[in-house]
Amino acid sequence: MISTGSSTPTTVSAGPAGRAMAQPMEAALLEALQQHLTMERKASAAYFAMAIWFAERELRGFSHFFKHESRDEQEHAGTFADYLIARGQTVVLQDVPAPAQAWQSPEEILAASFQMEADVTTSLQQMYAMAERSGDTRTTVFLDPLVDNQVNSENTFAHLLGRVRFAQNQPAALLIIDGELSDGKHDPAKLA
Ligand SMILES: [Fe+2]
């Protein structure tokens, strides 16, 4: 028979957002996650600016590619927001300054993009190390697939930078790459 005696409600700890929180987060790691979310939003703004730069120069394939990259980065920011909420934390949105808009060539843009992706990976690696130090396995597991995605992004941008370098700023060659990007072709060669 089920006991009908009075029961004391289980107390669970709550995070800053008032939601149930299973494990508190180390302050430095929380700050790094908030800053990383901002980094993703900055990347989204940067890629949007690049999409505009190419659109202004009739390179619609490049513009299309960067428009999608911009949306992907906004999604990545969403992934971090979702994770912070799931961990009972409050998402703090920080300033996103105006992105750079003055470039001399597609090569300059692809080089800046590659560097931006590498910097994002570095930020993930730093958070990974912090999470490991504070025994926060939830965060290392969360970060694992993101590191994998970053390696793919670096590979894509290295590939596009290489192709743009081949073009040596010649319009005919750039238009070929632009046509490929219009068709969604931006992956490096696959040997497997
Ligand atoms: Fe990203």
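This is a predicted model: local features need pLDDT of at least 70, side-chain atom pairs count only at pLDDT 80 or more; totals for chains, interfaces and linings use all residues.

Started with burial: Asp136 and Arg87 are both buried. Cut-offs for that: buried is under 20% relative accessible area, exposed is over 50%, and partly exposed is in between, with a 1.4 Å probe and protein chains only.

Residues are numbered from 1 along each chain as its sequence is written, and side-chain values use heavy atoms, with hydrogens and water left out.

Next I looked at what those two residues do together. Asp136 and Arg87 form a salt bridge, 2.9 Å from N to O. The term takes a side-chain nitrogen of Lys or Arg within 4 Å of a carboxyl oxygen of Asp or Glu. Asp136 sits in the loop between α3 (106-133) and α4 (137-167), and Arg87 in the loop between α2 (60-86) and α3, so the pair ties together parts 49 residues apart in sequence. Helices here are DSSP runs of H or I with at least four residues, numbered from the N terminus.

I then searched the whole structure and got four salt bridges. Another of them joins Arg163 and Glu180, at 2.7 Å from N to O. That pair links distant parts of the chain, with Arg163 in helix α4 and Glu180 in helix α5 (residues 171-182), 17 residues apart. Arg163 is partly exposed, at 29% relative accessible area.

Last entry: Arg57 bridges to Glu56, with the closest N and O atoms 3.4 Å apart. I get 38% relative accessibility for Arg57, so it counts as partly exposed. Glu56 comes out at 54%, so it counts as exposed.

Key. Helices (H or I, at least four residues) and strands (E, at least two) are DSSP runs, numbered from the N terminus.
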